[in-house]
Amino acid sequence: MKSKSLPILLVLLLTVLSVHAQKKYAYVSGKVVDDNEHPLAKVSIEVIGKQSGIITSDSGSFRIRVQADKPVALIFSYLGYKSEQRNFYLSENEEERVVIRLEKGTGKVLEEVVVTSQADRTLPGLIKITNPKLALTMPSATGGIESLIKIFVGSNNELTSQYSVRGGNYDENLIYVNDFEVFRPYLVRSGQQEGLSFINPEMVRNINFFNGGFQSKYGDKMSSVLDIQYKKPKHFGGSAYVSLLEQGLHLEGSSKNNKFTYITGIRQRTNASLLGSQETKGNYIPSSVDFQSYLTWQLSKKWGLELLGNISRTRFKLTPEFSQQTSSVFSPFFTANLGLDIFFDGREIDRYVTNMVGVAAINQPRKNLRLKWMASRFQNNERESIDITGAYLFGEREFDRAKSDFGLITNPLGAGVFQNYARNRLNIDVYNFSHKGSLEKGRNFYQWGLSAERQMIDDKLNEWELQDSGGYTLPYNPALLTLNKAIKSNANIDITRFQGYIQDNILFKDTTRFTLQAGLRFNYNTLNKEFLLSPRIQASWKPLWKRDVVLRVAAGSYNQPPFYRELRRYDGTVNTNLKSQKSWQAVAGLDYNFTGLGNRAYRIQLEAYYKYMTDVVPYDIDNVRIRYSGENNAKAYAAGIEARLYGELVKDAESWISIGILRSRENLTNDSWYNYKVDSLNQPVDSVKVNGGWLRRPTDRLITFGLFFQDYLSTNKNFKVHLNALFGSNLPYNIPNSTKYRNALSIDPYIRVDLGFSALLLDAEKSNRRSHSPFKNFENIWASLEIFNIIDRPNTISYLLIKDFSNNIFTIPNRLTPRLVNFKIVARW
């Protein structure tokens, strides 16, 4: 019997082994954190239906093997926190990285939540920032969510929160907060005058940034979408921070039954310490205050209300005294260190007031049907008052410290007086009523929306510039007192816009192997009576490869109807017949998850894009002020490739690297001029006609590089270092309103490195040791020391044009901020 049973046992054993070998596996890895982004150690992770499981490490990280090609559910549970279930459907050898945030409360399992990180990989152009609190951690002169965005899109000005994306300008970016579109002030001339960004980082729950190829559900702009979701808190908490530049406080909480939630924040910012180090010395008094609140009411199981409100006040006052600027000229004919000394009289006072309120009613009559009705009002009130006179001396400056005239202009080349005057006023009211809906049916997820918007603009411009050089005004006219520039205009513009979209999101074969989003937008406005249709499509495919790769493509039409700034010509008149700028765009790329250095999870995104634009409105940029031609007289294109790496270059410390290559050109109609040949008496004797052709656009930057790096002491993770580095190759600079001298100048590459050191002063465990401690309920307190522009590079933002006595024109660069130090304390409870 024994001899007969042995072969049978061997056969059974081989059968079991072969079945086991045929099983396919995938992996889920990531980190478990609490509401304040602190890692949770020893969190239990179990696979539903199995007895096996793991626990997280001291750093909150985990990696668990699950069965591939079948639905799998994981339960994350920890004492004192609500458990959470996440569902996955992974292919063989695929690894998905997630961040699990557990909320304080009872151990009751939450309702089933569909994990979104895998879906995010299928969306072309999407950059998802999983930890909004990094906005306060990352060293940056402006701070805010936009500073995180600049790592991926680049920057050329640390004083502004605005950014350009893939060859577009600041006006081509959309910003939404909880589905409400938000706007910025329009008359701002420089980053010095800017106040706080609309977005309060301490109130943010989710950040989705699309740098191209975005879906039909987003509005009519040509470059990017920043989609922000504010938090719906489950329990009381808050934070406060104080620094030399900015102070803030936020509170959040909910009712006992969680039917009512609130989150409110107030911020105050002053850039006096930043601006005091600039080349123009004087009395800077910048101040900005922002208050906003987001409230939700769950009226019943099917109905809910939301309210978002914001009040922002920014005031900039400058009494300039003197400016000392320097430039160098190197050529075979002339080499010199040139200086410009300006002594001022007068002052500038600017005021920007914005108010926004939005109300939304949400109805979910069925589990698969969601309806949302929204009404909002945006109000913008801006005032500019400038009356500044300057007397200048221009020439060669002495740089020999051994000489008594060190720092002085020893060989004058030019002198004069100028006066800048402005009394500008802008009032904008935007009323919006919209409806959005979604329906999930089988493998289809339908989305639609309709909106009606009324824009009322009341604008008054009165500004002029007088230049006196060598005793006569420019341009010279012996019979008249002439002004170098004069704009006087009044405009009242009422525009009604109707917009809508329909979109279908298709998931094929009940897996994430292939997805498709296809949609159509329409837009009509009463200003130029254009009716535009914009088809858009996005698709993704996950091949059956051993490596975890998702391929993504997108294509569509992206049109931008004109708003206030595009309508204004250089002379201040308004072109009400201006058409929408139009573009066709295509994006192709991949998303690759892999295990690399230190056996840690990494992610690479690679995308190539092409944009062809017609009916383009050419523009010039001076600092952050955009001046449009007010005419549809150009066509343009932008093409490039971008690569991004996400991962922990140092264990338990997230870092990002981004690099982009761009080429953007435009071709203006009727951009020809004549070059004249003159005789000994300076009289023209011959001429040659020159056509401008394809020229660099103002935002054409060949190479962009961004790095956000974090590290900590190997012996103590409570001491951290944060590095923020940006590089951008040169930019073209146009002589304003000049066809011949478009691309005449070049702004040097932008290089900036900001460094921050932070230390944990108090954590939750320490604060709870003593019941009578004043810090008993604090989660943590961090202190940070930040060094801005640690390499002390004098980056250039624009140029000042100066004529000498011989009528030669020289350029003097306007510099940005030098090396500065900031101190910050952040407390959360």
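Reader: Where does Arg121 lie?
Author: Arg121 lies in the loop between helix H2 (117-120) and strand S9 (126-129). Helices (H or I, at least four residues) and strands (E, at least two) are DSSP runs, numbered from the N terminus. This is a predicted model, in which local features need pLDDT of at least 70, side-chain atom pairs count only at pLDDT 80 or more, and totals for chains, interfaces and linings use all residues. Residues are numbered from 1 along each chain as its sequence is written, and side-chain values use heavy atoms, without hydrogens and water.

Reader: Why is Arg121 called buried?
Author: Buried means under 20% relative accessible area, exposed over 50%, partly exposed in between (1.4 Å probe, protein chains only). Arg121 has a relative accessible area of 2%. Therefore Arg121 counts as buried.

Reader: What makes the pairing of the side chains of Arg121 and Asp548 a polar contact?
Author: A polar contact is a pair of N or O atoms within 3.5 Å; within protein, one must be able to donate a hydrogen and the other to accept it, and residues adjacent in sequence count only if both atoms are side-chain atoms. Arg121 and Asp548 meet at 3.1 Å. Arg121 also makes a polar contact with the side chain of Asp591, at 2.8 Å.

Reader: How do you know that Glu607 forms a salt bridge with Arg166?
Author: The rule asks for a side-chain nitrogen of Lys or Arg within 4 Å of a carboxyl oxygen of Asp or Glu. Here the closest N and O atoms are 2.8 Å apart, so the pair qualifies. The pair links distant parts of the chain: Glu607 is in strand S29 (residues 601-616), Arg166 in the loop between H4 and strand S10 (173-177), 441 residues apart. Glu607 is buried at 1%, and Arg166 is buried at 7%.

Reader: What makes Glu463 and Arg189 a salt bridge?
Author: Their side chains meet at 3.1 Å, N to O. Glu463 and Arg189 are both buried.

Reader: Why is helix H4 said to be largely enclosed?
Author: Nine of the nine residues of H4 (residues 145-153) are buried, so the rest of the structure largely encloses this helix. Among them are Glu146, Lys150 and Phe152. Gly154 follows H4, with a positive phi near 90 degrees.

Reader: Why is Arg423 called partly exposed?
Author: Arg423 has a relative accessible area of 34%. Arg423 sits in strand S21 (residues 409-441).
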